[in-house]
Amino acid sequence: MDGISSVLQRIAAIEKRFAPNSAGESNFDDYLRTANNQLSSGGKATAVQSASSASAWKNVPAASLEGMIYAAATKYGVDPKLATAVATVESGLTADAVSPAGAVGVMQLMPDTAKALGVRNLSDPRENIDGGVHYLKDLLSMFQGDARKALAAYNAGPQAVKNYGGIPPYRETQDYVSKVLSLYNQ
């Protein structure tokens with residue numbers, strides 16, 4: 001449970017840090033711009049580096065990834081806590097994660113799904129996270145806001161959820177939904 005508490009504390013800190021200002025604008029883009037300027041001028045690598053190769057993203061701090069998740073969740077109207085729980089269960093917030101099935105990145109997108117979402121570079125955490133949160137939003141809409149069905153669809157595919165009228169009887173999918181909801185509800 002200590003790990004869950006730590007994730008929830010980070011989420012709260014990020015929400016506070018990147019909450020919209022009185023004009024309704026997020027300061028996340030300014031944060032990334034400043035951090036990238038620091039990096040390009042030889043500053044300490046504390047934020048996202050500008051690069052296109054997967055290896056350049058290998059050591060992206062979890063806090064930067066969480067900030068990207070928060071920004072994408074805000075953009076798509078998804079609860080940032082739910083999006084972060086999905087990313088945590090999917091990849092452990094690891095930018096260069098690749099599953100045995102071929103899912104890639106923080107949000108563990110399959111190449112065909114990513115392509116359908118307009119993600120051009122799966123190994124770019126910003127694109128990967130944006131695509132994954134966009135997909136989560138689409139699934140939530142598809143299943144009328146039913147988070148359990150949307151999460152099952154994220155793991156097993158929407159057709160499996162439709163075929164079974166809910167969470168498919170796959171142990172992996174059932175465990176996945178439980179893990180994500182456990183993190184989300186903490």
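Tutor: A nonpolar core is a set of buried Ala, Val, Leu, Ile, Met, Phe, Trp, Tyr and Cys residues joined through side-chain atoms within 4.5 Å. Keep that in mind as we look at this predicted model.

Student: Happy to! Which residues have the most contacts inside the largest nonpolar core?

Tutor: They are Val 106, Met 107, Ile 129, Val 133, Leu 136, Leu 151 and Tyr 154, in a core of 41 residues. Two or more residues each come from helix 3 (62–76), helix 4 (80–91), helix 6, helix 7 and helix 9 (171–184). In soluble globular proteins, nonpolar side chains tend to be buried together.

Student: What does Leu 151 touch, not counting residues up to four places away in sequence?

Tutor: Leu 151 touches Leu 82, Val 86, Leu 136, Tyr 176, Val 177, Val 180 and Leu 181.

Student: What does Phe 143 touch, leaving out residues up to four places away in sequence?

Tutor: Its contacts are Lys 149, Ala 150, Ala 153, Pro 158, Val 161 and Lys 162. Take Lys 162: it sits 19 residues from Phe 143 along the chain, and their C-alpha atoms are 9.3 Å apart.

Student: What makes Lys 75 and Asp 130 a salt bridge?

Tutor: The rule asks for a side-chain nitrogen of Lys or Arg within 4 Å of a carboxyl oxygen of Asp or Glu. For Lys 75 and Asp 130 the N to O distance is 3.0 Å, and the pair therefore qualifies as a salt bridge. This pair links distant parts of the chain, with Lys 75 in helix 3 and Asp 130 in helix 6, 55 residues apart.

Student: How do you know whether Lys 75 is buried or exposed?

Tutor: Exposed means over 50%. Lys 75 has a relative accessible area of 55%, so it counts as exposed.

Student: What is the phi of Leu 93?

Tutor: It is near 60°, a positive value in a residue other than glycine. Most residues other than glycine have a negative phi. Leu 93 is found in the loop between helix 4 and helix 5 (111–116). With a relative accessible area of 11%, Leu 93 is under the 20% cut-off and so is buried.

Student: And where does Gln 144 lie?

Tutor: Gln 144 lies in the loop between helix 6 and helix 7. Gln 144 has a positive phi of about 50° although it is not a glycine. Its relative accessible area is 69%, so Gln 144 is exposed.

Student: Which element has the lowest mean pLDDT?

Tutor: That is helix 2 (residues 28–40), at 45, whereas helix 7 (residues 147–156) has the highest, 98. Over residues 31–55 the pLDDT is below 50. Where pLDDT is low, the predicted coordinates should not be read in detail. For the protein, the mean pLDDT is 80, and 68% of residues reach 70 or more.

Methods: Residues are numbered from 1 along each chain as its sequence is written. Side-chain values use heavy atoms; hydrogens and water are left out. pLDDT is the predictor's confidence in each residue, from 0 to 100. Helices (H or I, at least four residues) and strands (E, at least two) are DSSP runs, numbered from the N terminus. Contact means heavy atoms within 4.5 Å. Buried means under 20% relative accessible area, exposed over 50%, partly exposed in between (1.4 Å probe, protein chains only).
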